[in-house]
Amino acid sequence: MKIKTFELERRQSIWENHVEYNLTESGIHPLSLGELLTEDEQKELLELELGYGQTNGDDRLRDQIASLYDRPSWSRENVLVTNGSSEANLLAVYSWLEPGDELIFMMPNYQQMNGLAESLDMKVKHWWLREEDAWLPRLDELENLISDRTRMIAVCNPNNPTGRVLPKTMMQELVELADQHGVLLYADEVYRGAELNGEETPSFADLSDNAVVCGGLSKAYSLPGLRMGWLAGPEGSIEQAWEHRDYTSISSGLVTQYAARKALMPKRRSWILQRNRRLLRKNLEYFQQWTRKHNSRFHFSDPDAGGIVFLRYVEDISSRELTRRLRERESVFLVAGDCFGLDGFLRIGIGAEPQYLKEGLSRFDRWIEENWE
Ligand SMILES: Cc1ncc(COP(=O)(O)O)c(C=O)c1O
């Protein structure tokens, strides 16, 4: 099968570990196992026998995940544990779409489902967010995109790369529209929990009986190395995805599932989310000062959530070329907007340690001075 190159992941895989400043990381500075687990838990972990995990996920972990949603009737049967939310996204395409089906895909967005669906001969229609709308969607445009062949609407909320969170009323309208047309609403919610104002974004799973959502510990929880994600939704849909999962990776690792259970214990969960929001707020403030210093060269809307800022620049150079030159000259890596289908933008991570962010941005300053002033 021919696949479309996943530009965003490819460029990140090539460069992120080979530059002095990776300023484009989409998550938050990761926790170590030692920070996450108590000493007793670390000892317990050493005793863990490394057998296969249950293929749909440890029962206790699935119970914990089910309880993250405002659905009292939900049980572990509403949850499938996956290897990262990327496996959840893969399963969404693989389990609920057929070749020839239409997928309406919010853009800009993490490009995984887009590339996968196109490679599997599905038709992808883009539903664009615009900077002039502060990256909020137009529902009338979505309605115009829906046809008899539309099987799924896939959104990312909070959004990567814009950091925008949909207002609840808009989420409700979206649910109604999907239900009215009998289309599956799928929401990538891996950034849920990383809201700068501390107000957790409602889940589409709480607003709709039919929607399926994915979540995970890579972003808001700053634990990407665990590779922990999940799908949550109606039992029938989860059962179907579980059948498909038997063909992907059998199960998630037991070490990962152990650590995930600890991370999701209520007090620890809230400690992690608060740590991360504090870091994001501090870095965003610094980043705002940094852009002000550059007058009208840069524009962005403050993100509501997540570890990223989607920055527009006003200079006559493609984002691919700009990021290449910056990387070669200053060893600073940024993801170019063209990876999201929007040239003229850069994705900047604001989840790094503050000193690292400052040093990386000062290299960018130097590059700007040499090239643009
Ligand atoms: C919106 C979104 N979904 C899913 C993923 C995949 O993340 P992971 O598999 O680490 O959970 C990413 C990674 O950047 C992302 O930004």
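Start with I368. Leaving out residues up to four places away in sequence, I368 touches W290, H294, R297, F298 and E373. This is a predicted model. Show I368 in helix α14. Its relative accessible area is 0%, so I368 counts as buried. I368 and H294 stand 74 residues apart in sequence, yet 9.4 Å apart in space, C-alpha to C-alpha.

**Next stop: the rings**

Select F298 and F364. What kind of aromatic pair do F298 and F364 form? The pair is tilted, with 6.0 Å from centre to centre and 55° between the planes. F298 belongs to strand β9 (residues 298-299), and F364 to helix α14 (residues 354-372). The two are 66 residues apart, and their pair links distant parts of the chain. Both F298 and F364 are buried.

For another ring, go to W15. The charged end of R327 sits over the W15 ring, 3.7 Å from the ring's centre.

**Next stop: the two domains**

Colour the chain by domain. Domain 1 covers 7-32 + 270-372, and domain 2 covers 49-268. Their C-alpha centres lie 25 Å apart. How many residues does each domain bring to the contact? Domain 1 brings 36 residues and domain 2 brings 34 residues.

The area buried between domain 1 and domain 2 is about 2,900 Å². Carbon and sulfur atoms give 56% of that area. On the domain 1 side, select R277, D304 and F340. These three lose the most area to domain 2, together 21% of what that side buries.

**Next stop: the cores**

The largest nonpolar core has 90 residues. Which residues have the most contacts inside this core? They are F204, L217 and F364. Helix α12 (residues 266-293) gives the largest share of the core, 7 residues. In soluble globular proteins, nonpolar side chains tend to be buried together.

Zoom in on F204. Set aside its neighbours within four places in sequence. F204 is then in contact with V155, N157, L166, M171, L174, V175, L185, A187, E189, A211 and V213.

There is a second, separate core to find. It has 24 residues, including L103, M122, C214 and A241.

**Last stop: D121**

Select D121, in the loop between α6 (112-119) and β4 (123-128). Is D121 buried or exposed? D121 is exposed, with a relative accessible area of 59%. Leaving aside neighbours within four places in sequence, its contacts are P99 and G100.

To finish, show D121 and F204 together. They are 83 residues apart in sequence and 27 Å apart in space, C-alpha to C-alpha. Then look back at I368, where the tour began: I368 is buried, whereas D121 is exposed.

Note on methods
Residues numbered from 1 in each chain as written. Predicted model: local features only at pLDDT ≥ 70, side-chain atom pairs only at ≥ 80, totals over all residues. Heavy atoms only, no water. Phe/Tyr/Trp six-rings, centres within 6.5 Å; stacked < 30°, edge-to-face > 60°. Helix = DSSP H or I, 4+ residues; strand = E, 2+ residues; numbered from the N terminus. Buried < 20%, exposed > 50% of the residue type's maximum accessible area, 1.4 Å probe, protein only. Lys NZ or Arg CZ within 6 Å of the ring centre and 35° of its normal. Core = buried A, V, L, I, M, F, W, Y, C linked by side-chain atoms within 4.5 Å. Contact = heavy atoms within 4.5 Å. Domains from an automatic or database assignment. Buried area = accessible area lost by both parts, 1.4 Å probe.
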